[in-house]
Amino acid sequence: MTIKKLNILELIKIYYFSMRREFPGAELAPLIILVWNLLRDKHPYYGLYEENTLIAYALLFQQENKNGSILLQYFAVWPDKRGKGVGTKMLTFLCERYAGNGILIEVENPKYAPDEQHLAMMQRRIRFYQDNGFSGTDVEVSLFGTEYQIMIYPGKRSDDTVVRREMDAVYTSMFPPKIKEKYAIVR
């Protein structure tokens with residue numbers, strides 16, 4: 001297996017053939033924004049390949065100063081490759097590469113699960129990240145109406161005040177002030 005940066009064509013394929021299936025519409029950034037960031041080499045986007053076939057991807061958001069925390073914005077493994085160590089391999093790569101920055105993840109908050117099936121899925125995702133060295137925090141985010149809790153790497157539990165400040169800095173870099181104020185609420 002090989003990990004490399006994604007190109008535009010790969011990103012477009014991922015968007016139409018994976019992201020629209022794996023992520024609710026409310027969670028998806030417009031494709032033009034993702035392409036724009038890729039063209040400006042603004043944020044690292046990676047693919048994990050098995051014999052030249054893409055089997056997983058990770059799209060990260062890096063703050064302007066390059067020293068702040070990295071947000072793992074989108075992460076998915078092809079359904080037929082799940083449970084086979086592919087996601088762990090990709091996360092291990094990301095954690096080694098960005099350990100100095102720290103990695104933040106928005107995971108759907110189980111407190112807001114609409115039913116038992118969604119609750120089980122949310123808890124499974126959280127366990128996966130915990131098994132790969134991430135820690136939960138008490139930091140919560142409402143992002144465009146979707147409720148998240150924040151997990152961090154390295155796995156040592158950081159002060160929630162620091163995590164809130166980092167998430168606020170990420171959203172300040174990501175959104176215009178009026179959008180951030182209305183749609184990216186860190187608690």
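First, some ground rules. This is a predicted model, where local features need pLDDT of at least 70, side-chain atom pairs count only at pLDDT 80 or more, and totals for chains, interfaces and linings use all residues. Residues are numbered from 1 along each chain as its sequence is written, and side-chain values use heavy atoms, with hydrogens and water left out.

Let's start with the fold. The protein has six helices and eight strands; here helices (H or I, at least four residues) and strands (E, at least two) are DSSP runs, numbered from the N terminus. If you read along the sequence, the pattern is β-α-α-β-β-β-α-β-α-β-β-α-α-β. The radius of gyration is 16 Å, close to the 16 Å that the globule rule gives for 187 residues, so the protein is as compact as a globular protein of that length. That radius is taken over C-alpha atoms, and the globule rule is 2.2 Å times the number of residues to the power 0.38. Along its principal axes, the C-alpha trace spans about 45 × 40 × 30 Å.

Of the 187 residues, 48% count as buried. Buried means under 20% relative accessible area, exposed means over 50%, and partly exposed is in between (1.4 Å probe, protein chains only).

On to the salt bridges. A salt bridge here is a side-chain nitrogen of Lys or Arg within 4 Å of a carboxyl oxygen of Asp or Glu, and by this rule the count comes to eight.

Please find E22 and R21, whose side chains meet in a salt bridge at 3.2 Å, N to O. Is E22 buried or exposed? E22 has 19% relative accessibility and counts as buried, whereas R21, at 48%, counts as partly exposed.

Next, R125 and E108 form a salt bridge at 3.0 Å, N to O. R125 lies in helix 4 (residues 116-131) and E108 in strand 5 (residues 103-108), so the pair ties together parts that are 17 residues apart in sequence.

My last pair is K111 and E140, with a salt bridge at 2.5 Å, N to O. K111 sits in the loop between strand 5 and helix 4, and E140 in strand 6 (residues 135-143), so this pair ties together parts that are 29 residues apart in sequence. K111 is exposed at 60% relative accessibility, while E140 is buried at 16%.
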